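Thanks for coming. I will take one structure and go through a few of its parts in turn. Please have a look at it before I start.

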Amino acid sequence: MKLITILGVAWMLLLGATLASAAEPSIVQTNRKTTAAIANARREFRIEKRYLNLPIKNGAPKRQITTLVNGKVEVKNDLELADGAPDWWAFMDVSAWRGKTVTLQVDKLPEDSTALSSIEPGDSIKGAENLYREPLRGQLHFSSRRGWNNDPNGLAFYNGEYHLFYQHNPYGWAWANMHWGHAVSRDLVRWEELDDVIAPDDFGPMFSGSAVVDWNNTSGFGKDGQPAFVLIYTAAGRPTVQCIAYSTDGRHFTKFSGNPVVKQITSGNRDPKVFWHEPTRKWVMVLYVGLPEKKHTIHFFTSPNLRDWSLASVTEAGADGGKFLFECPDFFELPVDGDASNQKWVLTAASSEYAIGTFDGVKFTPEQSKLPGQRGKGFYAAQTFSDIPKQDGRRIQIGWFRTETKGMPFNQSMTIPLELKLTATPDGPRLTRTPVKELESLRAKTHELAPLTLKPDSANPLAGVRAELVELDAKFEPGDASEVSFNVRGATISYDAKTQELVVNGDRAPAPLRDGKQRLTIYCDRTGLEIFASGGLTYVLMPFQPKAANFDLAVRASGGAVKFNTLQVHELKSIWK
Ligand code: FRU
């Protein structure tokens with residue numbers, strides 16, 4: 001009866017629509033007014049407040065927005081402007097132009113678009129009241145307030161602060177408009193985001209690069225005894241070139257008037273990493289250069305002053321075309337097992353695969369090449385810090401952590417800071433990664449459960465422990481157990497004792513026992529897991545979003561009893577508080 005009525009109504013509607021369209025074929029009924037596009041629509045702002053809040057709709061057509069200050073073009077960006085209700089608000093910091101007139105010009109704007117009229121000047125960013133409390137905001141990992149981030153750039157210690165610059169799209173949820181974002185920290189753990197430091201210019205968007213402190217003022221950019229902080233970056237226009245910018249306050253950077261400092265070699269050349277080589281008293285730059293026939297190389301340049309560079313050597317591409325050397329090289333020296341008389345040079349690239357060898361200031365000679373790096377998913381383009389004070393002497397790395405955060409006004413993040421070391425193994429020296437000790441300052445409450453022997457029929461010793469932000473430390477002897485399995489907020493991290501592998505949400509990684517023991521550290525955040533095993537030889541990064549209400553933890557043994565020397569759960573504080 002009901003079905004017949006519905007079919008009847010549907011048929012009548014269809015008939016009505018057909019008759020109507022037959023009578024007036026050219027009239028279409030829609031909810032949208034057909035609109036013309038206005039070319040170069042403009043809105044002027046007399047700047048009295050710090051920000052312009054800009055409405056963004058993810059996936060909307062990209063429009064080119066030109067920012068003019070007192071009539072002069074300052075920067076051009078491509079924005080997915082919302083013509084109606086926005087998904088989120090980006091912001092442009094206009095404080096440098098207080099008292100001036102800023103004009104935003106849009107190349108094409110539908111006549112009925114509210115994009116320009118809804119831009120809101122303000123002294124705070126829209127959504128500030130909820131900042132760092134968003135549901136998918138990593139609480140242990142740095143992410144930018146708004147927009148997209150990829151590679152960490154310019155990691156360095158300057159004037160008592162750790163500086164983290166990064167590839168930033170301040171105006172979109174996806175990759176575009178590469179600026180260098182900027183954050184500082186006094187402890188490597190808690191970061192304060194500052195203004196972006198370099199924006200796209202006539203040389204192109206600002207791609208990845210590094211930073212150094214010019215202690216001897218070789219560049220002449222130092223001022224009143226204050227050494228210059230120099231950024232070395234790729235400007236990815238046509239041609240793609242290497243440029244520098246400098247600062248003496250660690251906040252404001254001036255692009256060098258003599259840019260570029262290295263001209264294009266091939267079109268994709270990029271990602272300069274620079275360091276001071278004391279034995280030859282020269283700056284050395286490692287640069288990714290793709291050669292024809294898909295050969296990936298690292299070019300080594302040297303310079304007395306950061307301004308003038310000459311080619312010193314080129315890595316051999318090898319039989320596979322040097323595939324592992326693609327993008328974002330880093331190059332540093334480390335002692336093997338802390339032995340200062342046994343130092344090796346390590347060449348890494350974006351994938352985290354690496355080579356170990358010697359370096360004479362001109363040429364890198366690998367002894368072992370294409371060694372595997374991290375074993376998980378989502379780790380890319382890592383870089384190590386420059387100018388860590390000598391008395392500290394650590395080699396600290398941060399990577400891009402590909403954590404997608406749908407529905408948030410920001411996207412992607414950074415790994416926790418990692419300490420790198422070289423350790424001797426039967427196969428030769430290998431890199432280890434461990435969390436920096438500063439992270440211990442996040443521990444709010446510790447549950448200690450060892451010593452403990454866990455049998456297959458034991459009750460879950462972690463049953464009473466609940467935590468949102470977790471650091472779990474375990475040291476155990478698997479004995480005759482076949483598997484030791486942890487559940488952290490819905491993620492499974494198992495140790496397969498037969499194959500000596502770590503299995504993280506189904507992904508396998510070799511994790512050999514050391515002295516018959518396994519040592520695991522697991523960090524769990526709202527956006528992912530970071531896991532360290534086998535004394536840091538195994539590092540598994542894994543994007544993962546636990547269910548918000550699931551604070552459960554568990555551990556169980558299969559096939560035999562497991563002896564835990566350490567079993568600790570640390571409830572962690574947020575890095576943002
Ligand atoms: C790596 C990379 C770099 C480049 C940058 C651009 O993720 O492709 O090679 O400089 O990103 O954002």
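How many disulfides does a search of the whole structure find? The search finds 0. Keep in mind that this is a predicted model. Take Cys 243, which is in no disulfide: the nearest cysteine sulfur belongs to Cys 328 and is 17 Å away. The cut-off for a disulfide is 2.5 Å between the sulfur atoms. Cys 243 is buried, with a relative accessible area of 0%. Cys 524 is also buried, and its relative accessible area is 0%.

Next, the ligand. Which residues come nearest to the ligand? There are 13 residues around it, and the nearest are Asp 151, Gln 167, Arg 270, Asp 271 and Glu 327. By class, this shell holds 6 nonpolar, 3 polar and 4 charged residues.

Some individual distances to oxygen atoms of the ligand follow. For Trp 175, a polar side-chain atom lies 2.9 Å from a ligand oxygen. For Asn 150, an N or O atom of the side chain is 3.1 Å from a ligand oxygen. With Ser 208 the backbone is involved: one of its N or O atoms lies 3.1 Å from an oxygen of the ligand. Taken alone, the ligand exposes 310 Å², and the protein buries 91% of that. The elements that give two or more residues to the shell are β8, residues 147–158, β12, residues 206–214, and β16, residues 270–277.

Now to a pair of strands. Is strand β20 mostly covered or mostly uncovered? Strand β20 runs over residues 330–336 and is mostly covered, with 5 of its 7 residues buried. Its partner is β21, residues 339–348; the two pair in the antiparallel sense over 7 bridges. Val 336 stands opposite Asp 339 in β21. Together β20 and β21 form a hairpin with 2 residues between them. In that turn, Asp 337 has a positive phi of about 50 degrees. As a general point, side chains in a regular strand alternate between the two faces of the sheet.

The last stop is Ser 574, in the segment after β41, which covers residues 562–572. Why does Ser 574 count as buried? Ser 574 counts as buried because its relative accessibility is 6%, and the cut-off for buried is under 20%. What does its side chain contact? The side chains of Ser 574 and Gln 139 are joined by a polar contact of 2.8 Å. The side chain of Ser 574 also reaches the backbone nitrogen of Trp 576, at 2.9 Å.

That is the end of the tour.

Terms used
Residues are numbered from 1 along each chain as its sequence is written. This is a predicted model: local features need pLDDT of at least 70, side-chain atom pairs count only at pLDDT 80 or more; totals for chains, interfaces and linings use all residues. Side-chain values use heavy atoms; hydrogens and water are left out. Buried means under 20% relative accessible area, exposed over 50%, partly exposed in between (1.4 Å probe, protein chains only). A residue is near a molecule or strand if one of its heavy atoms lies within 4 Å of it. A polar contact is a pair of N or O atoms within 3.5 Å; within protein, one must be able to donate a hydrogen and the other to accept it, and residues adjacent in sequence count only if both atoms are side-chain atoms. Accessible areas come from the Shrake-Rupley method with a 1.4 Å probe; for residues, only the protein chains shown count as cover. Helices (H or I, at least four residues) and strands (E, at least two) are DSSP runs, numbered from the N terminus. Ala, Val, Leu, Ile, Met, Phe, Trp, Tyr, Cys and Pro count as nonpolar, Asp, Glu, Lys and Arg as charged, and the others, Gly among them, as polar. Two strands pair if DSSP finds at least two bridges between them.
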